[in-house]
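Q: Please take me through this model by its terms. What does each label rest on?

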Amino acid sequence: MELFTLNPTKEDAMSTERGYRFMTEPVAECRFYLNEMSIYQADDGSYYYHNHPRSEMFCYAPHQPELVSDLIPLGSSCSEQLTILEGHNAQAEQSDFELVTLHFVDDGDPMFVLYHPEQQTYFIMSKPNFLKLTPDVAKQLMTLDPAVNLLDKPHLVHLDENGKVTSMEVYKLC
């Protein structure tokens, strides 16, 4: 068996202890980054987390599976923020984006950090720009051929009043 295989067979995966556990134990998928935590959601809808300091934000991996037994159940302390993220994520998904987190600058409105799974690219935009997000805006962004990046350095997007992209530059979150 190879040490690393992109698409291992079930038998190959089951041959290691961790692979066996992934095949036989509950798994959760990474969905959000919130309060220095990677938030995971299990198939039953319950949320879990592991600590993820801002200094390691570049390691955030959307859709990364993790064993539920290796995670901590998320208590109610983040439920309000999680509800806000889920609500805005529903809007983002209409344009093939996923909302990853909200970034607060000073005491103003949050900046919305989005991920485009097909392009493996992160974007950040102000709330007024986020509210203009449509499938047409998404197509514009993809025609700009943005470089693949990490969560800590999303592309800052500016839109005009008609929802046309006016500029895009790298924004450093931490």
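A: Start with a helix. Helix H2 (residues 17-24) lies across strand S1 (27-34) and S4, at about 95° to S4. This is a predicted model: local features need pLDDT of at least 70, side-chain atom pairs count only at pLDDT 80 or more, and totals for chains, interfaces and linings use all residues. Residues are numbered from 1 along each chain as its sequence is written, and side-chain values use heavy atoms, leaving out hydrogens and water.

Q: What makes S3 and S5 a pair?
A: Two strands pair if DSSP finds at least two bridges between them. S3 and S5 are joined by 2 bridges, so they qualify, and they run antiparallel. Tyr49 stands opposite Ile72 in S5.

Q: In what order do the 5 strands of the open sheet lie?
A: The order is S4-S1-S2-S3-S5, with antiparallel pairing. S4 and strand S5 (72-73) are the edge strands, since each pairs on one side only.

Q: How many bridges pair strand S9 with strand S10?
A: Strand S9 (residues 155-159) and strand S10 (residues 165-170) share 5 bridges in the antiparallel sense. His158 has Ser167 in S10 as its bridge partner. The hairpin has 5 residues between the strands, and Gly163 takes a positive phi near 80° there.

Q: Why is Asp96 called exposed?
A: Buried means under 20% relative accessible area, exposed over 50%, partly exposed in between (1.4 Å probe, protein chains only). Asp96 has 55%, so it counts as exposed. Its phi is near 65°, a positive value in a residue other than glycine.

Q: Why is His63 called partly exposed?
A: His63 has a relative accessible area of 33%, so it falls in between. It has a positive phi of about 70° although it is not a glycine. Most residues other than glycine have a negative phi.

Q: Which residues does Leu74 contact, leaving aside its neighbours within four places in sequence?
A: Contact means heavy atoms within 4.5 Å. The partners of Leu74 are Met37, Ile39, Tyr47, Tyr48, Tyr49 and Leu82.

Notes. Helix = DSSP H or I, 4+ residues; strand = E, 2+ residues; numbered from the N terminus. Axes fitted to C-alpha atoms, helices over the stretch in contact; angles between N-to-C directions.
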